[in-house]
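Could you walk me through this protein in my viewer, stop by stop? I would like to know what to select next and what is there.

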Amino acid sequence: MMNSDELAAKVEGQVSTETPAAEAAQNVAAEAVQPENNVEPLTEGEVKLPILHSKEEVLARAQEIAQSEEGSDRQELDMLKQLFYKFRKAEQLAERAAFIEAGGEAEAFMPQIDPLEESFKEAMQTIRQRRAEQQAEQERIKQQNLQRKLAIIDRIKEMAASPEEANKSYDEFRNLQNEWKEIKAVPAENATELWKNYQLYVEQFYDLLKMNSEMREYDFKKNLEAKTRLCEMAEKLADEADVISAFNQLQGLHQEYKEIGPVAKDLREAIWSRFKAASTVINKRHQDHFLAMKEKEEENLARKTALCEQVEGIATDELKSFADWNAKTEQIIALQAEWKTIGYAPQRMNTQIFERFRVACDKFFQLKADYFRNVKDELNGNLEKKIALVEKAEALKDSTDWRATGDALIRLQKEWKSIGAIPHKHSEALWKRFIGACDHFFEEKNKATADQRNEENENLAHKQAIVEQLQALLEDPTQNDAAQRVRDLQKEWNEIGHVPFREKDAIFKKYRVACDALYKQFNLTAQTRRLNNFKSNLKATVSENGTASLNRDHDRMMRAYEALRNEIQTYENNIGFLSASSKKGNSLVDEMKRKVEKQKEELKLLAQKIKAVEEEMKKGDA
């Protein structure tokens, strides 16, 4: 008979914890199936129990036992009860998960009434009543047996007290011995004392029995042969591989030994010592076996505790993707498989360590279910956003406002990229709708703007030719009309129309580099000419009018200098706030930078003019 912890562990093997609560009901039957014709192998002290896959099978087995006239096994009844309510609990968890998934509040969930539960209770009540009746009947029979054996002892006691009648009562004595052997179980609390009294008066009877030596010796001889046979059988049990079986067989031999009459006085101690020595060997093996089992159970407890710690140590807050959760799920499934390979823990801890492992696994799978549900909600939210973008794109695909619609579709494409994943079953179809609408518009746009692109390509070729001519001037600095030629090419450049947008910045950069190099090489900067003209005009003004107007000109230029410097600072601040994440943004920033550089040159020229005025003022003061 298994104890409650062993039974709980057995049921544990039929109702797995490898899945979260919501999936337990679907997996109970599958994981309960074992090999060898659906019957688990026997372990020591167990009866063979069938594997049951559902509540219906459990109920059917209980009803079968209730209707049978055979005795019911307590171990099987305990297993049926625990297994029925394990299945029932799994169903309730599945119902609760479905209720919550459908939008219900967890606190409002009420499990449905199970119609099978009442039938199961009725069957179990019937079995309990019959078991109680059977136990009462067995107890009544034991009491009857006790009274019969007490009567036999009293009679043998009377016979042993009358030596002169012993020989005459020998046949009656042998009949009483046979009757004693036929009487079976008595109450356990009376068995030992009853046997001692029986043995005492039997030996007294034999000691006082005055029978002829031939009959006496024959009786002793037969008893000696019987006890010698039991000694040999006990000694052979030392070679029995099954320690438990050997121990149980030894108990039967002891019972049989007690029921055999005495041997000759000079042999009694020797034959008993032999039998006792053989028994000691079996008892020692039995004791060692259970000590080894205890050590193994402690080792199993340590291994199971380590598995609990591994599951409890999983940092679920670090799992950020399906792949992360699935990897940890595989790890836990492997730990559950390893758990099943480990035997029982000590009785005091077996149920407790199993509950700890089950709770840790259930917690992980519940968190996984929550994560997947949240991700599902996010995917559905993304799906709604992308459906809205598809509808906008399809509404714009036939527009002929090429620039505005093109910009709008580009914005939609950027927004599409910023939205996360959607359910896989909708992904491809929705993307085809979206990109199909965009492609339709841009194909129509390309057809309508083909002539414009040809003109822009011709303008690009024209500007490339101007850049090449400027570079040629840069390589031949001896030309007398270089400055005029540069001005003519710049004028021609400004008269050319648009070039392809993607080539705009590159060709302008080449043009700007060539022009700047020419200004530097030929000393053609406008600032130098303007400064020289200013100095010449300044000298002419001083010659005609004197230095009286210099102070007024100086103050005017100082105000202009401060205003221009503030304007440059404002531009530079604004450049720092501009976004340059696109080509268009970069072009605007570059244009502003060029304007700032031009203003800085103007500021430098103004500073030189102020200096020239101050020098003339000093000359006048001298």
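Here is a short tour, from the whole chain to single side chains.

This is a predicted model, so local features need pLDDT of at least 70 and side-chain atom pairs count only at pLDDT 80 or more, while totals for chains, interfaces and linings use all residues. Residues are numbered from 1 along each chain as its sequence is written, and side-chain values use heavy atoms, with hydrogens and water left out.

**The whole protein.** Start with a cartoon view: there are 22 helices and zero strands (DSSP runs, H or I of at least four residues for helices and E of at least two for strands, numbered from the N terminus). Of the 622 residues, 34% are buried (buried is under 20% relative accessible area, exposed over 50%, partly exposed in between, with a 1.4 Å probe and protein chains only).

**Helix α5.** Select residues 74-101 next. The 28 residues of this helix should span 40 Å at 1.5 Å a residue, and the end C-alpha atoms are 41 Å apart, which agrees (the expected span is 1.5 Å times one less than the number of residues). Its buried residues include Leu-77, Leu-80, Phe-84 and Phe-87, as well as Glu-76 and Arg-88.

**The largest nonpolar core.** Now show Leu-307, Val-311, Ile-332, Trp-339, Ile-353, Phe-357 and Phe-364: among the 22 residues of this core, these touch the most other members (a nonpolar core is a set of buried Ala, Val, Leu, Ile, Met, Phe, Trp, Tyr and Cys residues joined through side-chain atoms within 4.5 Å). Helices α12 (265-312), α13 (322-341) and α14 (347-396) each supply at least two residues, and α14 gives the most, with ten. For a second, separate core of 21 residues, select Ile-153, Ile-156, Ala-160 and Phe-205, which are among its members.

**Salt bridges.** The structure holds 24 of them (a side-chain nitrogen of Lys or Arg within 4 Å of a carboxyl oxygen of Asp or Glu). Which parts does the pair Glu-298 and Arg-348 tie together? The closest N and O atoms of this pair are 3.2 Å apart; Glu-298 lies in α12 and Arg-348 in α14, so the bridge ties together parts 50 residues apart in sequence. Arg-348 is exposed, at 60% relative accessible area, and Glu-298 is partly exposed, at 31%.

Stay on α14 for Glu-355 and Arg-358, three residues apart and separated by about one helical turn. Their closest N and O atoms are 2.6 Å apart; Arg-358 is buried at 16%, whereas Glu-355 is partly exposed at 29%.

Finish with Lys-55, Glu-91 and Asp-114, which are linked in a network of salt bridges.
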